[in-house]
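Please examine the sequence and the model shown below.

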Amino acid sequence: MKQFAVVAPADLASATRMLAEPNRSALAGGVDLLDMLKQELAAPAELVNLKALGGLDRIESVPGGVLRIGPLVTLNQLAAAPAVRERHPALADSAAQAATPQVRNLATVGGNLAQRPRCWYFRNPDIVCLKKGGTKCYAVAGLNRYHAILGGGPSFIVHPSNLAPALIACDASLALNGPDGERKIAVGDFFTSPKVDPRRENVLKPGEIIAAIEVPAPPTGARSAYLEAREKQSFDWPLAAAVAILALNRAGEVVHARIVMGAVAPIPWRAPSAEKILLGAKLDRALADRAAEAALAGAAPLAHNAYKIPIARAMVRRAILRAGGVADEPA
Amino acid sequence: MAASSSNGFRVIGTRPIRHDGVDKVTGRAKYGADYAFPGMLHGKVLRSPHPHANIKSIKIDKALALPGVKAIVTSADLPALPDKMEAAGEQAINLNHLSMNILARGKALYDGHPIAAVAATSPHIADEALRLIEVEYELLPPVMTVEDAMKPGATILLPSLRNKEDGPDKETNVAAHLQFKRGDVAEGFKQADYVIEREFKTAMVHQGYIEPHNAVGIYNADGHATIYCSTQGSFVVRALSAAVLGIAEGKIKVVPAEIGGGFGGKTTIYLEPLSVLLSQKTGHPVKLTMTRAEVLRATGPTSGSTIRCKMGATKDGKLVAAQCWLAYEAGAFPGSPVGAGAMTIVAPYNIPNILVDAYDVVVNRPKTAAYRAPGASNAAMASETVLDELAEKCGIDPLEMRLMNGSEEGTPQTVGPPFKRIGFKETVEAIKNSPHYKSKLTGANRGRGVASGFWFNVGLQSSATVNIHTDGTVSVVIGSVDIGGTRAAQAMIAAEVLGVDINDVRPTIADTDSIGHTDVTGGSRTCFATGWAVYEAAQDCVRQLKERAAKLWEKKPDEVVFENGMLSPAQPGGELKPMSIKQIASRLARTGGPIVGRATVNARGVGPAFATVCVDVEVDPDTGKTQILRATIAQDAGKAIHPSYVEGQMQGGMAQGLGWGLNEEYFYDDRGILRNTGLLDYRMPTCLDLPAIETAIVEVPTPGHPLGIRGVGEVSIVPPPAALANAIYHAVGVRMTELPMSPPRLLKAILKKRAAGEAQAAAAD
C-alpha cells in the first residue's frame, strides 16, 4: 500500500473541490476502497473523508412520498429503516442480503453504487486489463465463470452493486454534486456500458459525488421482490439476482412492471422485453415463465458461465411470482 | 467451575475455562506477526508469475540500489543439498526439494513459487524493491492435472525425478506407485451380486487457516539464530531450517508463537529460513509475513485427485471385493498424501479381497502440505458414496450396511496387521441412536446422507516437565503448541494426577531450548502423546512427593499413600496428619529442594480414529444450490479430556469437510495461474453458512494408554463430503462424482438428469 493522507472537508462544496484535484479518492465506508488500496489498484495521495460531512447519513421522507437517502446511509440502516421496508421491500432485501453483518454496518449506499467490479483479472495487480488501460479483457479467453452473460464486451465484468437493480426498478434517481453544481439523473443512467467506456462503470465526473438517492413513492398497489442466487448461504456475491416490481389490477392483470437483473451484465440489466410480456396480461406461472425466458433471450454466455442463464431465469421467474403473489411450484 | 465428571475422574471430563482464553479474547495473545524487535527489517518475497518456466537470470542491482533496501537473497545464497531422501531431525525428506520450494533453483514450478526475498526498512520499500528485480523466464508448458502429467510424453517438471517401476533412465512426473493387496479381487467380484464402479474428481483445496504464515529471524554474530514464528512444530522448524541453511540444528532456537490455525499446513517451513538468511546478511532482525494471496498461491493446499473405486457386494449386503485406483496431485514436488488415501479408502470395512493402486504425481501447483487427515477425505468421497449406492442396490439401510461390514478388533487393516480395540461400529450406533437420525426428514428436494471415515492417528515423541512451586501451584511445560485447547487438556491431566485444582495449574509452551524434543502437532497426536508425557511427569512428581513426605515422617516412601492431592501414612492413626500438596510444597527446601517431574515418551500403541456423520440437505433444483439443514457427527475420542474441545474438533473438522464438499476449489486458468487468491473468491464456510453441528462423543478407550485417549483432531473431516453427496442424491436423485458440488456443477447434473428423463418420456410416447 502506498502512503496517503486522509483529509476532512468542511462542507460539500470543499469536498467536491478537493476531489476534483488529481489523485484523490472519496472515503465513505472504506470497504471497497481499502481493498483497492491494499491491492495497489488505487494509489491516491489523499482520501477525502466524506464522513466528516454531517447530514449525509439520514433517510428522510419528503413531500410527495419521496424517500431521500443520504449516500452515507449504511446497508444495515437501509435494510432496517421502516419507511424502506414498508414502501420498497425489494430495496430493503437487496441491502439485507449483501455481504455480512459486519460489512453491512460499514458499507454505504453511495459506496455500493460506486464500487469497482470484483473480476479477478481486474483485481489482480499484475494484470493490466482493459479496465486498467490495457488492450484486452482477460475474461474472454480466461476463467469467466463469474462474468457477464448479457451486455458484455469489450469488458465482461458484472456490476457488483446489490442495490442498483432495486433502485432502478423503483425508478429512483441520484443527485450528483460536483464542482459545477448539482445534477439529477435516473439511477439507470448512472451506469456506463463498457461499450461506451470500458475503464469506468458510471458517469461520475472528477470531483463529483453521489449527494443523495431519491426513491419516489411506489405506484398504487405495487409489490416488489428481490431474490439472489449465491454459491454460499452468506458472504458471497450473487451468481444472479432479480428484482420485480409489479402492480396488478382487480382482474389480476399487470398494470405496472419493472424487471431488473443484477450480476449478469456489466451494468444492472433491465429487461424491457419481460416487462412488455407482463404488461396487460393476467399473471400466472406460464406468464412468469415466458417473461423470464424473454429476460434471458439475448444471453450470450462465455466458455464457463452458461450455467448462469438458467439460474438468472429462475430468479426472474420467482421474483415475478413473489411480487405478484402467485405461489411458485417446485420445478 | 469444577463439577466432577463421571467414571471416576475428578477433572478429566469437565469443562473448565481454558488458560489461554482471556489472552485470546482480549487481544493480548502474541501471534507470530505481533513480534517486533529494535532495528527490525521487513522482508518480502518475489514470486513467479508463471506456473512453469526456466529461470534464465535474476538481476537485483536496481532493487538493491533503492534507498532502504538492505539485502536480497536468491537460491544462490542457499547451500546445494543432496537430491535424495535424507534425515532432517526426525523425518526423512528430500532436502533439495525442500530448499527448492523455499527459493526456486533454476526453474519456477508453480504460480507463486518464491524467486527472491528482500529485506528493507519498511514493508512498503520491500514491496517496491520486488518490482525492481528483473527475472528473465523461459516459459514452459504448464502441467496442471494428474492425467496430463501421467500421459506418455508429458512435459517433465523435475528432470531428476525417477520412480522404481520405470527405472533409473526414465524421466517421469510419477514420483511413486504404491500398491496394497489382499485376497484376489477378480475372484471376489465373481461372488458379488452387485458391483458399482465410479470415477471421482476432487478439487485442490486449502486448509484455510486465518493467520497467514510469518517468521522473525534473528541471526547472532556468534552463529546462533532465533526464529519466532507460528508453527505446529517448533522442533520441525528448527530441523528443517537448519538443513536448508546448512546450520547445525542446535544453533537454532525456535520460539513458537500463538497459532491462528494450522490444520496441517504449518508443519513445514516457508519463510523461516529466509528470515534467518536475510538477518545473517543484514545483521538485523528480519520479519516476513505473507498476504492472503501468498498463502493461497504458495502454501498449504491438499491434493486434488482422480479416484476410481469399484466395490462389490452380495445380495445380502456382504462386501466381497474392492478395487481402487488413486492419483493425487503432489504439487511441484513429490509428497502427496496418496499413500494415506490408499490405506484409508476401504479401511473401515472388513473386505476379503482388495487391490489398491496409488500414484503420487507432480504438477505445476504449489507443493501440497498436510491437511487434517491428509488424503482421507478424497478417498472417502469415493468409497463412501459407492457404498451408499451398494446399500441402495441391496435394499439395506446405509448404517446397517456399515454395521454388517464394519471393521472391529481383529479385522485386518489395509496395510496388514489387525486392528486392536476400535470404536467404529460404536460411532455408527451413535448416529443410529441420535435425535437427528431418528427424526423424520420431510419436504421436497430434501435428502439425508450418512458416511463414515477412518484415520490412523500417530504417537511419536513428546517431552513434559511438571514443576511443584513453593506455594503448591503447579506449572506444566510442554513443547506442543496450543491448537484447539492443548494447554487446557494438558493442565487437566496434571491436575487429575496431582489432585489439585485446575486453576492451580499453569501450562506453558516452551521454545526448543527449554523443553525436550517434541514432535510436530500432527496426526492427532498431541493429547495422546504429550498428554501421556504430562501424565508420566505428574506421576514422577507424585513419586517425589511421597519421598518427601516419607522423609518428614521418617518413613519409607512405600509407607506413604497419595490420593486426591493428599499425602497420608499408609497405616492410619498415630500423630501424623495427612498433608496436602500445598502444605508440603512450602517445606520442600527442608526435604531436598524443589520438585520437578519429568517424562518423555515415544508413544506406541496409538488408537485409530473413526467417525460417522449424518447430514440433511435441501437442494434448489433451479440453481443447484445446496443448503445444509442439519448435521451430526459421532466420533470415538477414547477418553474426552475436555469435552468442549473434543466437540470443537469434531465440529471444526466437519465444517471444513462440508466446505470442501460444497464450495472450496482452487481455480487455475488454462495458463496455470491461480485466479481465486482471496477468501472472497475461495469460498470457505463461515458460521453463517452452517447449522450448529450436533455431536456425539463415543468413548472406546485406547488399550495401553494410561487414560485411554484417542486423537480427535482429524477424522472429523473425512466423512462430510461423501455424506453430502449421499444426501444430495437422496434429495434430487443425482450421484455427484466431482468435488466441490457447487451450484454450477450440481445444476449441470440436475439438468442432465432432467433432459434424460424428458428424452425417455418422449421415447415412451
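A residue is called buried when its relative accessible area is under 20%, exposed when it is over 50%, and partly exposed in between (1.4 Å probe, protein chains only). This is a predicted model, in which local features need pLDDT of at least 70, side-chain atom pairs count only at pLDDT 80 or more, and totals for chains, interfaces and linings use all residues. Residues are numbered from 1 along each chain as its sequence is written, chains are lettered from A and ligands numbered from 1 in the order in which they are written, and side-chain values use heavy atoms, with hydrogens and water left out.

**Salt bridges overall**
- Over all chains there are 63 salt bridges (a side-chain nitrogen of Lys or Arg within 4 Å of a carboxyl oxygen of Asp or Glu).
- One network of salt bridges links Arg18(B), Asp20(B), Lys24(B), Glu258(B), Asp482(B) and Arg487(B).

**Between helices α11 and α12 of chain A**
- Helices (H or I, at least four residues) and strands (E, at least two) are DSSP runs, numbered from the N terminus.
- Asp289(A) and Arg317(A) form a salt bridge, with their closest N and O atoms 3.8 Å apart.
- This pair joins helix α11 (residues 285–295) to helix α12 (residues 308–324), its members being 28 residues apart.
- Arg317(A) is buried at 14% relative accessibility, whereas Asp289(A) is partly exposed at 38%.
- Glu293(A) and Arg313(A) also meet in a salt bridge (3.6 Å, N to O).

**Between strands of chain A**
- Glu214(A) forms a salt bridge with Arg68(A), the closest N and O atoms lying 2.4 Å apart.
- Glu214(A) belongs to strand β8 (residues 209–215) and Arg68(A) to strand β5 (residues 66–69), 146 residues apart.
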